[in-house]
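Here is a short tour of one model, written for someone who likes to look at side chains. Keep the sequence and the 3D view open as you read.

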Amino acid sequence: MSAQNTTPIADEHLQYDVIYQWGILWVKAADGSLSIVREGDRYKAQVIASTTPFADGIMKVRDTLTTVMQAPDLYPISYKQVSREGKYHQVNEINFVYRNDSTIGDTHITRPGKDYSKQFTIGKEGAVYDMISIFYRLRNLSYATMNVGDVIKTYIFSGRQIETLELEYQGIKAIEIGDTEYQAHYIRFFFYNEDGSKKSDKISAWVSVDDFIPLQLEGKLPIGSMKVRLRDRK
């Protein structure tokens with residue numbers, strides 16, 4: 001993770017279609033957006049996801065993830081995840097503290113409308129990210145110096161624990177989005193639990209060679225699979 005491209009990130013707003021596959025059927029299940037703005041010596045980035053009316057009948061989702069990062073190194077300062085999934089409603093908040101080459105996460109979990117509140121602190125030597133800041137760090141890698149098969153390992157605060165994220169670089173490949181063909185850095189990554197057990201199947205991602213915009217993510221679900229595909233950018 002030390003081999004980073006430190007070019008400042010421009011403000012951007014990206015919109016995505018979330019497409020679910022079940023058997024031979026492909027159905028748009030949700031809309032998503034990824035945005036970032038520079039505010040003085042900080043970046044504020046946000047992910048918003050909401051299911052379509054069709055998918056609302058199966059599992060209504062309204063999720064918002066917000067992170068504040070230092071500029072230009074993208075180390076997170078704070079993170080907030082508001083999850084509304086069916087009857088489930090939870091808010092995770094993390095304040096990041098950097099001490100003696102370690103990252104400490106002061107975490108507060110609440111469930112609005114219920115008598116539920118948990119506070120705890122977890123930490124690890126080295127850098128630890130959240131689910132948005134890690135994405136911008138990965139976008140900012142020095143891909144020009146990477147070879148096929150290179151593996152990068154880093155860590156993420158995930159709810160009550162720290163997960164390991166392992167990324168494998170697969171080189172440059174073409175991908176068609178709509179009517180446009182892009183040259184993209186193709187990467188695969190997956191997550192592990194703290195005890196080393198596997199948590200996720202491999203997720204594939206395509207990042208444009210020209211400007212490092214995420215073009216598509218693809219991964220398996222317990223039933224079927226899912227694609228997140230770029231629809232529009234500003």
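## Gln170 and its surroundings

The side chains of Gln170 and Glu168 make a polar contact at 3.3 Å; such a contact is a pair of N or O atoms within 3.5 Å, where within protein one must be able to donate a hydrogen and the other to accept it, and residues adjacent in sequence count only if both atoms are side-chain atoms. This is a predicted model, in which local features need pLDDT of at least 70 and side-chain atom pairs count only at pLDDT 80 or more, while totals for chains, interfaces and linings use all residues. Residues are numbered from 1 along each chain as its sequence is written, and side-chain values use heavy atoms, with hydrogens and water left out.

Gln170 belongs to strand 11 (residues 161-177); strands (E, at least two residues) and helices (H or I, at least four) are DSSP runs numbered from the N terminus. Gln170 counts as buried because its relative accessibility is 17%, and buried means under 20% relative accessible area, with exposed over 50% and partly exposed in between (1.4 Å probe, protein chains only). Setting aside neighbours within four places in sequence, Gln170 is in contact with Val148, Tyr186 and Arg188, where contact means heavy atoms within 4.5 Å.

## Ile104

You will find Ile104 in strand 7 (residues 102-110). Ile104 is also classed as buried, because its relative accessibility is 17%. Ile94 is 10 residues away from Ile104 in sequence, and their C-alpha atoms are 9.4 Å apart. Beyond four places in sequence, the contacts of Ile104 include Phe96, Val97, Thr121 and Phe157.

## The nonpolar cores

Which residues touch the most other members of the largest nonpolar core? They are Ile36, Tyr43, Met69, Tyr136, Phe157 and Leu215, out of 31 residues in that core. A nonpolar core is a set of buried Ala, Val, Leu, Ile, Met, Phe, Trp, Tyr and Cys residues joined through side-chain atoms within 4.5 Å. Among the elements giving two or more residues to this core are strand 1 (12-22), strand 2 (25-39) and strand 3 (42-51). Apart from this core lies another, of 15 residues, including Ile152, Leu167, Phe191 and Ala205.

Now take a look at Ile36. Leaving aside neighbours within four places in sequence, Ile36 is in contact with residues including Ile9, Tyr43, Met69 and Tyr136.
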